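I opened this model to look up its cores, its strand pairing and a few single residues. My entries follow in the order I made them.

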Amino acid sequence: MKRNRSYYIILVLILFVVTYSAYAAYQKQKNGPVFLDNHVFQRYNEQWGLWVDLNAEKKSLLEKASEFGILAQEVMEINNLKETDLARLKRSIFFPYSAEYMRGLQEKELFRETVESPIDQFIWPVLPNHKSRISSRIGRRWNTWHTGLDIAIPKNSIVLAAADGVVEEAGRSGDYGLAVKIYHHDMNHFHTVYGHNQELLVKPGDVVRKGQIIAFSGNTGKSTGPHVHFEVRFHNVYLNPENFLTPYEEGVATSIVGFAD
């Protein structure tokens, strides 16, 4: 009997330690820093690297892979590419960084941008930029109802996921042009939408992290200039995105790249 009681006590202690550790990790994540993808550090499939348009750079996949210290096969696998795809490639592809290349960036004191963001709060879908501004808010406009927030920003600027989630839609979507729709299960089942992009970097089913690059901004669809149309929806009800965001004028801190992510 005493032996059984001892086993029971040990089991309870183990469960307590595991539960407390999970709770502590959650609390740390709840108000922890969020890394924002920028023009040096970008994420895809939980790897750090960079989205590259080989046609614009006039380089081969092998040349660019060698530059980042990785094998061409690694690039093919993470992008689901076949040899026959390379001849007609018209989109950016993701190149993961080798550990050595990452160390080189660190030695050059290149930084990742970060924001402090609670787990239940959205972040802005664009990086703070002196060339960007809010050009239109949710509400009545031109005798119609404008369903989101327009952020005027130069073409090919980085568009970020506003929170962790799963990509539900990514492609052409009527007046929205090239658009991404993300489902946020951990945030009361909200959806966010990002419209009028020039290029999409994610596909349906992709799991994305808050601050991860998902597209390059553009002027596709029904649009009068380059901008990001950002929506927050709850069961197809359009909500005011600004109610879930910090003031747009707020800047960001920076944090040197680490290897633990």
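**Entry 1: cores**

I looked up the largest nonpolar core first. It has 27 residues, and F122, V180, I182, Y194, V208 and I214 touch the most other members. A nonpolar core here is a set of buried Ala, Val, Leu, Ile, Met, Phe, Trp, Tyr and Cys residues joined through side-chain atoms within 4.5 Å. Buried means under 20% relative accessible area, exposed means over 50%, and partly exposed lies in between (1.4 Å probe, protein chains only). Another core lies apart from it, with 19 residues, among them F35, V52, L89 and F95. In soluble globular proteins, nonpolar side chains tend to be buried together.

I listed the contacts of I182, where contact means heavy atoms within 4.5 Å. Not counting residues up to four places away in sequence, I182 touches A161, G165, V166, V167, E168, F190, H191, T192, Y194, V208 and I214.

**Entry 2: ground rules and confidence**

I noted that this is a predicted model, in which local features need pLDDT of at least 70, side-chain atom pairs count only at pLDDT 80 or more, and totals for chains, interfaces and linings use all residues. Residues are numbered from 1 along each chain as its sequence is written, and side-chain values use heavy atoms, with hydrogens and water left out.

pLDDT is the predictor's confidence in each residue, from 0 to 100. The chain has a mean pLDDT of 85, and 82% of its residues reach 70 or more. I marked residues 12-29, where pLDDT stays under 50. For that stretch the model has three contacts beyond four places in sequence.

I also took down the totals. The chain has six helices and 18 strands. Helices (H or I, at least four residues) and strands (E, at least two) are DSSP runs, numbered from the N terminus. Of the 261 residues of the chain, 43% count as buried. Among contacts with a separation of 6 or more, 66% come from residues 24 or more positions apart.

Is strand β12 (residues 178-184) largely enclosed or open? Six of its seven residues are buried, so β12 is largely enclosed by the rest of the structure.

I checked its pairing next; two strands pair if DSSP finds at least two bridges between them. Strand β11 (residues 165-172) runs antiparallel to β12, and six bridges join them. A170 stands opposite V180 in β12. β11 and β12 form a hairpin with five residues between them. In that turn, G174 has a positive phi of about 55 degrees.

β12 also pairs with strand β13 (residues 190-200), antiparallel, over six bridges. L178 has N197 in β13 as its bridge partner. This hairpin too has five residues between its strands, and N188 in the turn has a positive phi of about 60 degrees.

I followed β11 further. β11 pairs with strand β14 (residues 207-208) in the antiparallel sense over two bridges. There, V166 has V207 in β14 as its bridge partner.

**Entry 3: the three-stranded sheet**

I found an open sheet of three strands in the order β2-β3-β4, with antiparallel pairing. β2 (42-44) and β4 (93-96) stand at the edges, each with a single partner strand, so one side of each is left without a neighbour in the sheet. The twist averages 60 degrees from one strand to the next. Axes are lines fitted to C-alpha atoms, for helices over the stretch in contact, and angles run from 0 to 180 degrees between N-to-C directions. Strand β3 (residues 47-52) is joined to β4 by four bridges. V52 stands opposite I93 in β4.

**Entry 4: two loop residues**

S117 lies in the loop between β5 (111-116) and β6 (133-136). S117 counts as buried, at 3% relative accessibility.

K155 lies in the loop between β9 (149-152) and β10 (158-160). K155 is partly exposed, with a relative accessible area of 49%. What does K155 contact, leaving aside its neighbours within four places in sequence? The contacts are Q198, S217, G218 and P226. K155 and S217 are 62 residues apart along the chain, and their C-alpha atoms are separated by 5.3 Å.
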